[in-house]
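Student: I have a model on the screen and some questions about its fold and surface. Can we go through them one by one?

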Amino acid sequence: MANPVQFINQVRAELGKITWPTRREVVTTTIMVLILAALAAVFFSLVDLAIRFGITEGLKLISG
């Protein structure tokens, strides 16, 4: 088992190696994620509408 003090020192050393994103990078990526999520929602809504329309019309044709 490792010495707890050494472990804490090693954790601090590893944390110092992390490259944190800038505020601008965080804001940019957040906006991009929101835009892509909105585009995906619109796309899947349109696909859902098309499938629903197709099934409804198909059932109308079958039932006469």
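Tutor: Start with a rule: the expected span of a helix is 1.5 Å times one less than its number of residues. Keep in mind that this is a predicted model.

Student: How far apart are the end C-alpha atoms of helix 2, and what span should its 41 residues have?

Tutor: Helix 2 covers residues 23-63. At 1.5 Å a residue, its 41 residues should span 60 Å. The computed distance between the end C-alpha atoms agrees with that: 59 Å.

Student: Which residue follows helix 2, and what is its phi?

Tutor: Helix 2 is followed by a glycine, G64. The phi of G64 is positive, near 85°.

Student: What radius of gyration does the protein chain have, against a compact globule of 64 residues?

Tutor: A compact globule of 64 residues would come out near 11 Å. The C-alpha trace of the protein chain spans about 80 × 35 × 10 Å along its principal axes. Its radius of gyration is 26 Å.

Student: What share of the residues counts as buried?

Tutor: Buried means under 20% relative accessible area. The accessible surface of the protein chain comes to about 6,200 Å², with 72% of it belonging to carbon and sulfur atoms. Of the 64 residues, the share that counts as buried is 0%.

Student: Which rings make the one aromatic pair, and is it stacked or edge-to-face?

Tutor: A search of the whole structure finds one aromatic pair. The rings are those of F43 and F44, with centres 5.1 Å apart. Planes over 60 degrees apart count as edge-to-face. The planes here are at 70°, so the pair is edge-to-face.

Student: Is F44 buried or exposed?

Tutor: The cut-off for exposed is over 50% relative accessible area. F44 has 55%, so F44 is exposed.

Student: Which residues form the nonpolar patch on the surface?

Tutor: V47, one of them, lies in helix 2. At 33% relative accessibility, V47 counts as partly exposed. The patch has about 750 Å² of accessible area together. Its members are F43, F44, V47, I51, I55, L59 and I62.

Student: How far apart in space are V47 and E57?

Tutor: V47 and E57 are ten residues apart in sequence. C-alpha to C-alpha, their separation in space is 15 Å.

Key:
Residues are numbered from 1 along each chain as its sequence is written. This is a predicted model: local features need pLDDT of at least 70, side-chain atom pairs count only at pLDDT 80 or more; totals for chains, interfaces and linings use all residues. Side-chain values use heavy atoms; hydrogens and water are left out. Helices (H or I, at least four residues) and strands (E, at least two) are DSSP runs, numbered from the N terminus. Rings of Phe, Tyr and Trp (its six-membered ring) pair if their centres lie within 6.5 Å; planes under 30 degrees apart count as stacked, over 60 as edge-to-face and the rest as tilted. Buried means under 20% relative accessible area, exposed over 50%, partly exposed in between (1.4 Å probe, protein chains only). Patches are made of residues with over 30% relative accessible area and no salt bridge: like charges are joined within 9 Å, nonpolar side chains (Val, Leu, Ile, Met, Phe, Trp, Tyr) within 5 Å. Accessible areas come from the Shrake-Rupley method with a 1.4 Å probe; for residues, only the protein chains shown count as cover. A salt bridge is a side-chain nitrogen of Lys or Arg within 4 Å of a carboxyl oxygen of Asp or Glu. The radius of gyration is taken over C-alpha atoms; the globule rule is 2.2 Å times the number of residues to the power 0.38.
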